[in-house]
Amino acid sequence: VRRAAVQELARGWGNQAEVVDCFHLISSNDPFEREYTWQDNPRQIALASLLKYRGTEPRTKKLLSDRATNDPDPQLREWAQKKLEDLNQTGGTTNG
């Protein structure tokens, strides 16, 4: 349910300041624990939206770096590491 809610927020209001703040909280605090590889992590969905709309902001880059190192979900850590590499190669912009 959280995954679907985050996706809809991203789809309709992903660039709104209040939603951006919400995505920062979700990306670092959502209690999701992966049980199956096919499950979508709400932290990753929120972080992807941040990258799409606010990828050049230092706060987003800092959060991405933190998730690449410290997220408890190995799939999200791997995804975040790839996104950091993309940011470094493109000079600071990438799509979620």
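Residues are numbered from 1 along each chain as its sequence is written, and side-chain values use heavy atoms, with hydrogens and water left out. Because the model is predicted, local features need pLDDT of at least 70 and side-chain atom pairs count only at pLDDT 80 or more, while totals for chains, interfaces and linings use all residues.

Two packed helices are described by the angle between their axes and the distance between the axes. Axes here are lines fitted to C-alpha atoms, for helices over the stretch in contact, and angles run from 0 to 180 degrees between N-to-C directions. Helices are DSSP runs (H or I, at least four residues), numbered from the N terminus.

Take helix 2, residues 17-29, and helix 3, residues 42-54. Their axes come within 8 Å and cross at roughly 140°. Helix 2 and helix 3 are therefore oblique to each other; angles under 35 degrees count as roughly parallel, over 145 as roughly antiparallel, 65 to 115 as roughly perpendicular and the rest as oblique. On the helix 2 side, the contact (heavy atoms within 4.5 Å) is made by Ala17, Val20, Phe23, His24, Ile26 and Ser27. Helix 3 brings Pro42, Arg43, Ala46, Leu47, Ser49, Leu50 and Arg54.

Now helix 4, residues 58-70. Helix 2 packs with helix 4 at an angle of about 15°, and their axes are 10 Å apart. That makes helix 2 roughly parallel to helix 4. Val20, Asp21, His24, Ser27 and Ser28 of helix 2 meet Arg59, Thr60, Leu63 and Arg67 of helix 4.

Where does Ser27 lie? Ser27 is in helix 2, and it is buried, with a relative accessible area of 0%. Buried means under 20% relative accessible area, with a 1.4 Å probe and protein chains only. Leaving out residues up to four places away in sequence, Ser27 touches Arg43, Ala46, Leu47, Leu50, Leu63, Arg67 and Asp71.

Last, the core. A nonpolar core is a set of buried Ala, Val, Leu, Ile, Met, Phe, Trp, Tyr and Cys residues joined through side-chain atoms within 4.5 Å. The largest one has 19 residues, and those touching the most other members are Val6, Phe23, Leu47, Leu50, Leu64, Trp79 and Ala80. Helix 1 (2-13), helix 2, helix 3, helix 4 and helix 5 (74-90) each give two or more residues to this core. Helix 3 supplies the largest share, six residues.

Technical notes. Buried means under 20% relative accessible area, exposed over 50%, partly exposed in between (1.4 Å probe, protein chains only).
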